[in-house]
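Me: I have a structure open and want to learn to read it feature by feature. Can we go through it together?

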Amino acid sequence: MPKAAVSHKTAGDRNGSAAKSTKPSKAKADKNGNEDFAIVELAKAEYQKRRKSQFEAIKKTDKKLLREMLYQMVLGRRFEEKCAEVYRMGKIGGFCHLYIGQEAIGVGSMMALKPSDMVITSYRDHVQAMVKGISPEAVMAELYGKEGGCVKGKGGSMHMFSAEHEFFGGHGIVGGQIGVGTGMAYAAKYKGTDQVTLCFFGEAAVNQGIFHESLNMAQLWKLPIIYICENNQYGMGTSQDRALSTRNIAKKADAFEMANEFVDGMDVMAVREATLRAIKRAREESLPTLLEVRAYRYMGHSMSDPGNYRTREEIAKYQERDPIVLFKDSLKEAKVLTEKDFESIEREAVEATARAVRFADESPYPAGDELLTDVFA
Ligand SMILES: Cc1ncc(C[n+]2csc(CCOP(=O)(O)OP(=O)(O)O)c2C)c(N)n1
Ligand SMILES: [Mg+2]
């Protein structure tokens, strides 16, 4: 996030001067009483509020599930740190978008689903694929372009997929998955299954026409879908302040009379609770929801991003309220897990990652005669 928020008047500045633009004198609520989260202090205050509610949510959640949630977050982090390492060694080719900093969103929302529920997302898909049950081995081998990958090495980083796990990609066209996800929810309703669809996309996708067209249809046709806008505050090198006329993405759903909520994406329990409310609405009333979940991307947009559009200080500020550290501290405070438990979670995640790398290293490349099978162009 830039040092200063951009006021409505300066949001159209195309000269990259967002960080220097006029600072509103103090944080204000708008006419509808919605807080403007553009200002870091307000986001921090929201975080403190969430910090307390996280503790309350922990107390009413099954301990085994809490442990598994922390494990999945730690696994996601360690796995992707390893991805960056082996990418630099040349073992992974092509694009590679990491999820580091956003783990609470995927874990908090997806672990509230039933296994039969469906998920679709963008190219930033490694962690979501693992949380949905695709093995770390199959995800790493896919990243390597190897035969043991979840789509036999033909999808790579951006196209994780497994029909068996109800995980429908991994999409490279910004916003493309919003239309496909809406169709998946329509199919579930048409067929009378009780499946809920979770459709993830970034905040930059909200400016695409397909977002508005899909939300209109979902509300009109009462589809069992949850749209999760993962607001990591940047679309490639463009701050949301330079691309969005409003900071209040959740409220865009009001235009379609759709239920919506803003959620602190650094708080895994807040994400879980909001998703549970949306799941109930989808499953019991067949109604859609838009959740705007605000987090921060620690790494570059992809592995080839030099990152010269933001400062180190800005990144450090968000790392101070890291979602994994926050959850760990809360679990300790609630006496759900001990320091020893945390150590074994770390160890398990490191070992699972090492197994995945070994598997990917040893897996062969697809055979030449596989070149045109399962490929559509
Ligand atoms: C239709 C389309 N336009 C442009 C691009 C190039 N592009 C790839 S990622 C990206 C930014 C998307 O940002 P956001 O939706 O916020 O997701 P994030 O990468 O932050 O997760 C852009 C513009 C694309 N892939 N598809
Ligand atoms: Mg983004």
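Me: Which are the buried residues of helix 3?

Reply: First, a caution: this is a predicted model. Burial is a neighbour count: a residue is buried if 20 or more other C-beta atoms lie within 10 Å of its own. In helix 3 the buried residues are Glu 103, Ala 104, Ile 105, Gly 106, Val 107, Gly 108, Ser 109 and Met 110. That is eight of its eight residues, so helix 3, residues 103–110, is mostly covered.

Me: What percentage of the 377 residues in the protein is buried?

Reply: Buried residues make up 46%. The fold has 11 helices and eight strands. Look also at contacts between residues at least 6 apart in sequence: 73% of them join residues at least 24 apart.

Me: Which residues touch the most other members of the largest nonpolar core?

Reply: Val 139, Ile 226, Ile 228 and Leu 291 do, in a core of 91 residues. Take Leu 291. Leaving aside residues up to four places away in sequence, Leu 291 touches Ile 226, Tyr 227, Ile 228, Cys 229, Glu 261, Val 263, Ala 274 and Ala 278.

Me: Which residues of helix 7 are buried?

Reply: Phe 211, Ser 214, Leu 215, Ala 218 and Gln 219. They cover an arc of only 125° around the axis, which puts them on the same side of helix 7. The face turned away from that buried side carries the exposed residues Gly 209 and Leu 220.

Me: What do the buried residues of helix 7 pack against?

Reply: Three elements: helix 6 (176–191), strand 4 (225–231) and strand 8 (289–294).

Me: How should I read backbone angles?

Reply: Most residues other than glycine have a negative phi, and most peptide bonds are trans. Then look for departures. Lys 222, which follows helix 7, has a positive phi near 50°. Phi of Lys 152 is also positive, near 60°. Lys 152 sits in the loop between helix 5 (136–144) and strand 2. It counts as partly exposed because it has 19 C-beta neighbours inside 10 Å.

Me: Where does Ser 286 lie?

Reply: In the loop between helix 8 (268–285) and strand 8. Ser 286 has a positive phi of about 50°, although it is not a glycine. With 17 other C-beta atoms within 10 Å, Ser 286 is partly exposed.

Me: Which peptide bond is cis?

Reply: The one from Gly 169 to Gly 170, with omega near 25°. Gly 170 lies in strand 2, residues 167–171.

Me: Is Asp 267 buried or exposed?

Reply: Count neighbours again. Asp 267 has 28 C-beta neighbours inside 10 Å, so it counts as buried. Its place is in the loop between strand 7 (259–264) and helix 8. Asp 267 and Arg 294 are 27 residues apart in sequence, and 9.7 Å apart in space, C-alpha to C-alpha.

Me: Last, the ligand. Which residues come nearest to ligand 1?

Reply: Val 174, Gly 202, Ala 204, Ala 205 and Gly 235, among the 14 residues around ligand 1. Next, sort the shell by residue type. It divides into six nonpolar, six polar and two charged residues.

Methods
Residues are numbered from 1 along each chain as its sequence is written. Chains are lettered from A and ligands numbered from 1 in the order in which they are written. This is a predicted model: local features need pLDDT of at least 70, side-chain atom pairs count only at pLDDT 80 or more; totals for chains, interfaces and linings use all residues. A residue is near a molecule or strand if its C-beta atom, placed from the backbone, lies within 6 Å of it. Ala, Val, Leu, Ile, Met, Phe, Trp, Tyr, Cys and Pro count as nonpolar, Asp, Glu, Lys and Arg as charged, and the others, Gly among them, as polar. A residue is buried if 20 or more other C-beta atoms lie within 10 Å of its own, exposed if 12 or fewer, and partly exposed in between; C-beta atoms are placed from the backbone. Helices (H or I, at least four residues) and strands (E, at least two) are DSSP runs, numbered from the N terminus. The arc is that of the directions from the helix axis to the C-beta atoms. Two residues are in contact if their C-beta atoms, placed from the backbone, lie within 7 Å. A nonpolar core is a set of buried Ala, Val, Leu, Ile, Met, Phe, Trp, Tyr and Cys residues joined through C-beta atoms within 7 Å.
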